[in-house]
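This report walks through selected features of one model, moving from backbone geometry to the surroundings of the ligand.

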Amino acid sequence: VSIHDQKPHRGNGGELHQFAEDGAEVLTTSQGTPVADDQNSLRVGARGPLIVDDFHFREKIFHFDHERIPERVVHARGYGAHGFFETYESLAAYTRADIFQRAGERTPAFVRFSTVAGNKGSFDLARDVRGFAVKMYTQEGNWDLVGNNIPVFFIQDAIRFPDIIHAVKPEPDRAFPQAQSAHDTFWDFISLTPESMHMIMWVMSDRAIPRSFRFMEGFGVHTFRLVNAKDESTFVKFHWKPKLGLQSVVWNEAVKINGADPDFHRRDLWQSIQSGNFPEWELCVQLFDQDFADSFDFDVLDPTKIIPEEIAPVKPIGRLVLDRMPDNFFAETEQVAFMTQNVPPGIDFSNDPLLQGRNFSYLDTQLKRLGGPNFTHLPINAPKCPFQHFQQDGHMAMRNPVGRINYQPNSFGEGPRESRELGYRHFASSEEGGKVRLRPESFADHYSQARQFYISQTEPEQRHIAAALTFELSKVETPVIRERMVAHLLNIDESLAKTVADKLGFQTMPKAADAAMPTRQDLAPSPALSIVEK
Ligand code: HEM
């Protein structure tokens with residue numbers, strides 16, 4: 001059932017509708033009881049106390065009291081739209097995924113764009129990473145490509161995710177700043193995390209203040225695998241390229257827009273789709289094999305790195321068109337549950353430790369946010385292909401196995417069965433080594449790609465990065481954090497470091513930073529680290 005066809009607050013169809021005097025449908029309680037008076041609660045006499053018999057009043061208030069669900073722990077502010085994905089040509093040589101077998105095949109899709117740090121009511125033009133999450137309802141189950149508008153990430157291992165998010169979100173004692181990174185705890189964490197330097201260059205660039213969702217790129221970030229019918233694997237990076245090109249605002253504009261219209265990005269998407277101006281992106285891939293992967297001095301499993309496009313060309317394989325706004329923001333955009341682990345046969349994970357951590361995290365967070373294990377019963381999350389399994393019961397179960405048999409194997413010839421041929425087969429990669437908690441040496445170069453990004457920018461773009469760093473660090477009140485950041489910048493680009501240091505009023509330049517993550521011992525003696533009261 002498409003959410004479009006559902007009228008959840010109306011009758012289920014077929015039954016007798018009653019009509020009020022003026023011809024409108026009669027208002028009912030959610031139990032279907034017709035309501036005589038929705039304006040006045042039941043009381044003893046005109047000025048008397050209210051009466052608990054008033055089931056309509058109680059139901060109305062009870063339902064209202066429970067309207068809010070937890071906002072997403074990250075990416076709370078978002079906006080979504082429906083559309084479709086169209087495959088350009090068969091990719092059967094690389095993947096058995098049904099979505100990529102036939103040229104011209106159209107697959108329904110739902111996309112949610114978001115900011116990361118701000119809460120649900122924050123403003124659209126915060127300097128922040130944008131989420132670019134795409135759910136494709138393929139014939140072999142939902143494929144969620146849960147990406148961002150920046151191709152790399154802050155950290156190399158998911159175990160650090162709670163720390164970076166704690167550091168970027170409002171500080172716990174004062175509960176601000178809201179929806180911006182310009183504060184001590186964020187920059188403290190960043191300055192202690194050399195692996196974040198490449199991402200930081202992107203976040204300080206114009207990419208982090210896009211003109212609208214329609215002018216943003218999207219990236220799957222991690223290296224994934226495509227696996228063909230012969231179980232052969234090819235590494236893949238996914239990119240979304242906007243047909244309208246890439247555009248950003250400048251900081252001065254962002255600040256004004258946030259004040260004048262905090263819903264600027266929402267309004268833009270709504271208006272363009274409602275007026276038939278459908279935004280479009282091309283899905284592109286970079287494909288490479290193990291030998292190619294081994295030829296780099298960085299690791300393709302490291303999500304802080306990009307694969308250079310000059311040597312692994314970005315090949316368009318299809319297009320995404322957004323052509324319909326949700327009927328109901330809550331039912332669709334709020335309740336959509338993206339999960340990196342949603343992949344169809346023919347698309348598989350690499351051993352990127354950030355991706356593998358995410359594959360654990362998203363199921364867990366949806367259980368909490370959507371209130372139990374049956375969130376796939378919500379129309380926005382349900383597959384649009386046939387599906388059958390033996391899962392049952394739990395809160396809000398709307399679909400249960402039909403008949404007597406809810407297990408397998410069974411002797412009654414009933415119910416679905418596994419299929420080795422059609423089913424999902426995880427790629428059999430061979431790993432070696434015992435259990436360790438180690439970061440490989442191949443993840444150790446944190447500056448080269450940050451430098452390459454910086455020097456690839458035009459002169460005005462470089463000025464914007466310097467200005468963003470200066471503005472952000474000028475809000476940092478703990479001197480040692482500013483110094484540590486300039487020490488990192490020295491490893492990225494000396495003139496950038498000097499410009500920022502000058503503007504921040506440094507008397508002397510610090511030494512270039514050590515690329516290793518600081519240990520507790522390194523940090524302990526620094527008296528400057530004591531928290532400065534604001
Ligand atoms: C939500 C992207 C890393 C946990 C999201 C969303 C996006 C996203 C786009 C919003 C989904 C929506 O619109 O509903 C990314 C990217 C990452 C990354 C690109 C790194 C490359 C992580 C990591 C974790 C994580 C490492 C945890 C280990 C979450 C959680 C949510 C979320 C808990 C909230 C989901 C919800 O409530 O719907 N992420 N994320 N993410 N992400 Fe990530």
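## Residues with positive phi

With 12 C-beta neighbours inside 10 Å, Met396 counts as exposed, because a residue is classed as exposed when 12 or fewer such atoms lie within that distance. In this predicted model, Met396 has its place in the loop between α9 and α10, and its phi is positive, about 60 degrees, although Met396 is not a glycine.

Asp231 is likewise a residue other than glycine with a positive phi, near 65 degrees, and it lies in the loop between β6 (224–227) and β7 (233–242). Asp231 is exposed, since 10 other C-beta atoms are found within 10 Å.

## Cis peptide bonds

The peptide bond from Gln408 to Pro409 is cis, with omega near 0 degrees, and Pro409 belongs to the loop between α9 and α10 (448–456). A cis bond, again with omega near 0 degrees, also runs from Phe176 to Pro177, where Pro177 is part of the loop between α2 (161–168) and α3 (184–191).

## Surroundings of the ligand

Among the 27 residues around the ligand, those that come nearest are Arg72, His75, Arg112, Gly131 and Ser361. The shell is made up of 14 nonpolar, nine polar and four charged residues. At least two shell residues come from each of β2 (106–115), β3 (130–138), β4 (141–148) and α9 (353–369), and α9 gives the most, with seven residues.

## Arg58 in helix α1

Arg58 is located in helix α1 (residues 55–65) and is partly exposed, having 14 other C-beta atoms within 10 Å. Between Arg58 and Ser41, which are 17 residues apart in sequence, the C-alpha to C-alpha separation is 9.4 Å.

Technical notes. Residues are numbered from 1 along each chain as its sequence is written. This is a predicted model: local features need pLDDT of at least 70, side-chain atom pairs count only at pLDDT 80 or more; totals for chains, interfaces and linings use all residues. Helices (H or I, at least four residues) and strands (E, at least two) are DSSP runs, numbered from the N terminus. A residue is buried if 20 or more other C-beta atoms lie within 10 Å of its own, exposed if 12 or fewer, and partly exposed in between; C-beta atoms are placed from the backbone. A residue is near a molecule or strand if its C-beta atom, placed from the backbone, lies within 6 Å of it. Ala, Val, Leu, Ile, Met, Phe, Trp, Tyr, Cys and Pro count as nonpolar, Asp, Glu, Lys and Arg as charged, and the others, Gly among them, as polar.
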